[in-house]
Amino acid sequence: MVPSSSIPVSTSTTVFENGKHKTELIKVHQWSSWFSTKANYSQCSPHPKPLLIVTPSEVGEFPVLLFIHGYLLSNSFYSQLLQHVASHGFIVIAPQVNNSLLLLA
């Protein structure tokens with residue numbers, strides 16, 4: 001048995017502090033209406049929803065989280081929370097679930 005005094009103690013940050021990674025916020029907008037006027041694109045499938053992607057700035061492999069936000073809210077309302085999670089080494093993808101607020105803007 002190893003004496004407790006020789007066991008290394010982790011000095012990691014808590015979940016309430018920012019992680020060690022700098023983050024990058026990427027907004028992927030919905031396809032423009034130009035595509036919907038073209039027969040080939042309008043017959044394929046519904047337009048993709050806008051995405052908010054937050055990722056660590058460094059190159060590397062990171063786990064991916066899919067964040068589904070509350071109904072009738074904008075995914076951008078959660079930007080600060082998503083950046084905090086990504087700073088701990090996650091790629092966070094937040095699709096826009098409902099576009100009703102976007103139409104009002």
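In which loop does I68 lie? I68 sits in the loop between β3 (64-66) and α3 (79-86), where helices (H or I, at least four residues) and strands (E, at least two) are DSSP runs, numbered from the N terminus. Before we go on, a word on the model: it is predicted, local features need pLDDT of at least 70, side-chain atom pairs count only at pLDDT 80 or more, and totals for chains, interfaces and linings use all residues. Residues are numbered from 1 along each chain as its sequence is written, and side-chain values use heavy atoms, with hydrogens and water left out.

Let's start with the strands. Strand β2 (residues 51-56) runs antiparallel to β4, pairing with it over 4 bridges; two strands pair if DSSP finds at least two bridges between them. In this pairing, V54 stands opposite V92 in β4. β4 also pairs with β3, this time in the parallel sense, over 3 bridges. There, L66 faces I93 in β4.

Together with I68 and V97, L66 makes a nonpolar patch of about 290 Å². Patches are made of residues with over 30% relative accessible area and no salt bridge, with like charges joined within 9 Å and nonpolar side chains (Val, Leu, Ile, Met, Phe, Trp, Tyr) within 5 Å. A salt bridge is a side-chain nitrogen of Lys or Arg within 4 Å of a carboxyl oxygen of Asp or Glu. Accessible areas come from the Shrake-Rupley method with a 1.4 Å probe, and for residues only the protein chains shown count as cover.

I68 counts as exposed because its relative accessible area is 52%, while V97 is partly exposed, at 38%. The cut-offs are under 20% for buried, over 50% for exposed, and in between for partly exposed (1.4 Å probe, protein chains only). V97 belongs to the loop between β4 (91-95) and α4 (100-104). Leaving aside neighbours within four places in sequence, V97 is in contact (heavy atoms within 4.5 Å) with K49, I68 and H69. V97 and L73 are 24 residues apart in sequence, yet their C-alpha atoms are 8.2 Å apart in space.

Finally, look at S79 in helix α3. S79 is classed as buried because its relative accessible area is 15%. Neighbours within four places in sequence aside, S79 is in contact with L25 and L52. From S79 to L52 is 27 residues in sequence and 8.2 Å from C-alpha to C-alpha. A polar atom of the S79 side chain also lies 2.8 Å from the backbone oxygen of S76.

Notes: Polar contact = N/O pair within 3.5 Å; in protein donor to acceptor, adjacent residues only side chain to side chain.
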